[in-house]
Amino acid sequence: MINLKEKQIHQQERSNSLPEWYKSFLHQRLTAHRDLGLPSPKDENWRSLPIRDLLDHNYIIPETDTDLEIEDIKEFVQNKKKNTGNDAINVVIVNGKLSQELSDDVSSIEGLEILNLSETLVKFPEKLKSIFDHSVESTHTYAALNDAKHTDLTFIHLEKNRSLPRPIHCMYLSSGDSTDIHMHNTKTLIYASKCSSCFISESYYSLNKTLAYSNVTTDIHLESSASIHHVKIQDESNESFHLYTSRVYQQRDSIFKSCNLTFGGKFTRNDIFSYLDDENITCTLDGVYILDHQQVCANYTSLDHAKPNCYSFEVYKGILDDSSTGLFNGKIYVHQDAQKTDAKQSNQAILLSENAKIHTKPQLEIYADDVKCTHGCTVGKMDKDPLFYLQARGLSKKDAKNLLIYAFAAEVLENIDNDHVRKNVEERLYHKLNNKN
Amino acid sequence: MIEIKNLKAKIEDKEILKGINLTIKPGEVHAIMGPNGSGKSTLAQVLAGREDYEITSGEIIFQGENLIELEPEERAWRGLFMAFQYPVEIPGVGNAYFLRAALNSKRKYLGLPEMDAMEFMTYIKKKMEALELSPSMLSRSVNEGFSGGEKKRNEIFQMAVLEPTLGVLDETDSGLDIDALKIVSEGVNRLKDPSRSFLIVTHYQRILNYVTPDYVHILMDGRIVKSAGKELALELEEHGYSLIEKELAANV
Ligand SMILES: Nc1ncnc2c1ncn2[C@@H]1O[C@H](COP(=O)(O)OP(=O)(O)OP(=O)(O)O)[C@@H](O)[C@H]1O
Ligand SMILES: [Mg+2]
């Protein structure tokens, strides 16, 4: 692992020490990013999103570490750690770099390794390469940029047959710079070997209120019969741009269950691509986004059913107040080969203000004939009848509203199996609601 | 207790209450009967403070205070309770949590300390048993998946917990089997008290056999057209509303 204070090795030196296949990956992805270009409002994939803000700011990708004093971060990290429970394995990543000093020591935990780039290249080059082989396909311009421009990465490896009793909590801290706008290309790879299982959460926070870009990729590889319960929480400041791409690759009999939560951020875009590449795979993609003021959050999910007899479940819920904008785009692609696919998608949103906007687009492309695919979408104001019922019994209007919003989100939140994480998320939701109306 | 004066209400430009006058004194039980669509539920909902209705004139004086400008919760805190004709299902909101929150907001208004979960359980145990509600319903969502009869018993249970000064029951007897009707009526009778009043909206005489009204009013087309003692309900049961209509026609 790299010490935060230690300056990054010179770019030239760094690239000299990298293997050829890695360098060609960087090169290929940079070309891909250049070919794809930056988004334009006409872009199919960015339409309906207010992207001017995103494009108006020129960012730089810092080549060296910002001079963050570890002491300043320590307190922040300690406070956050209080929420994760005693059994948690805390991993701290600052501006894209894994921090040894701030993270818990995992050397005594059997079957788990958490490594930086150079360590990964020594220990798991083949596994890293196999993940990259899937990433190469991706046509998301910001993911390509991350693939090309990351200077370090965090590789979480779970060995075969290992079922981790303790949850892993990754805490991603980013800081803005007062003179330039920084883009941090944070890269995480999670590799679950055969028959392994774990709970892992990713939480994104800002260290200051200065505008910064987080350009994130989290690639997740599940070998056969592996199982991952994943929670991602975007809780950066309302000044941040947050672009998150997760590429999930699943093998036979594996189970991936994910909950994607957005509270913070000025502009957040989550892209989750799941590729179900064998039989009897289960993939659950759930999410809740709660927005106010001018916040923007877009959730693009893509489920690729490539083989027969797989299941996917998807529930996204949005709560939008003030002049916020939400977007849900749920793509389900059932290949010709993928008979007996069972895919359920539902997407619901409550608009709490006249000025809030939501765009939704389910996209079902089905090329197999014997499948069960359902999708539903409901968007509307808060239902008056339950509100009146609660008020008539004595709950204040504010409490009644909050309780109903909470109940609306609960269908998703109650699927989070880790009590600490679920409670924190519930508190965060209450906190956000209570600072309003 | 409550004095309703010349109350007029409309919804979407349609006038539904066309000048209601009604006074209920402490300890009294009043029944309101009337054909479908005559405005009974509208009256109940307007009393409870539903904002979809526009009050175009009149006053609702409850214990000396005009309720018209108050939010539904503010009316509940002051001791008004309305049992819904169609209790609302609220998925995701637990019964126990909801009812304790309701009770505690009223207690807070009254300057009483909050009840914690333990005290609350002790407080409600007997009340639940009396209404033959299974304790498992506490952990279920409000009214979700309840049978029609369970929903109505739950309304009376909530009333027993919140101990209002005026209980407005909107067709709580509809859809109940004979045993449930008895359980619900006994629930109401247990709450009878010289300082507590009831306004019972019903279509049938049968609940009035258990809960004896002091007055029976007939609401037709948004107005109370006739008021009398409990014998009026029996008369209605026998002759229906046509007799009243004839009487009214004769008076014109
Ligand atoms: N939201 C609404 N929009 C339009 N009309 C309404 C609305 N609510 C009630 N009404 C009308 O008001 C009238 C009175 O309805 P209300 O529910 O008060 O009748 P009721 O006496 O309780 O009838 P029932 O015996 O069937 O319960 C009816 O004609 C009804 O259609
Ligand atoms: Mg009615």
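Predicted model: local features only at pLDDT ≥ 70, side-chain atom pairs only at ≥ 80, totals over all residues.
Chain A is divided into domain 1, covering 6-278, and domain 2, covering 383-437. Taken over C-alpha atoms, the centres of domain 1 of chain A and domain 2 of chain A are 31 Å apart. The two domains touch: 14 residues of domain 1 of chain A are in contact with 13 residues of domain 2 of chain A.

The size of an interface is often given as the accessible area lost when the parts come together. Between domain 1 of chain A and domain 2 of chain A, about 1100 Å² is buried, and carbon and sulfur atoms give 64% of that area. Two salt bridges are found across this interface. A:Arg428 forms a salt bridge with A:Asp235, with 2.8 Å between the closest N and O atoms. On the side of domain 1 of chain A that touches domain 2 of chain A, β10 (227-234) and β12 (255-262) of chain A are the elements that give two or more residues. By class, that side has seven nonpolar, five polar and two charged residues.

The other interface joins the chains. Here 31 residues of chain B are in contact with 17 residues of chain A, and the buried area is about 2000 Å², 65% of it from carbon and sulfur atoms. Four salt bridges are counted between chain B and chain A. B:Asp52 forms a salt bridge with A:Lys384, the closest N and O atoms lying 3.4 Å apart. Polar contacts between the chains number 13 residue pairs. Several elements of chain B supply at least two residues each to the side that touches chain A, including α1 (40-48), β7 (90-94) and α5 (148-162). α3(B) gives the most, with five residues.

Note on methods:
Residues numbered from 1 in each chain as written. Chains lettered and ligands numbered in written order. Heavy atoms only, no water. Domains from an automatic or database assignment. Contact = heavy atoms within 4.5 Å. Buried area = accessible area lost by both parts, 1.4 Å probe. Salt bridge = Lys/Arg side-chain N within 4 Å of Asp/Glu carboxyl O. Helix = DSSP H or I, 4+ residues; strand = E, 2+ residues; numbered from the N terminus. Nonpolar A, V, L, I, M, F, W, Y, C, P; charged D, E, K, R; others polar. Polar contact = N/O pair within 3.5 Å; in protein donor to acceptor, adjacent residues only side chain to side chain.
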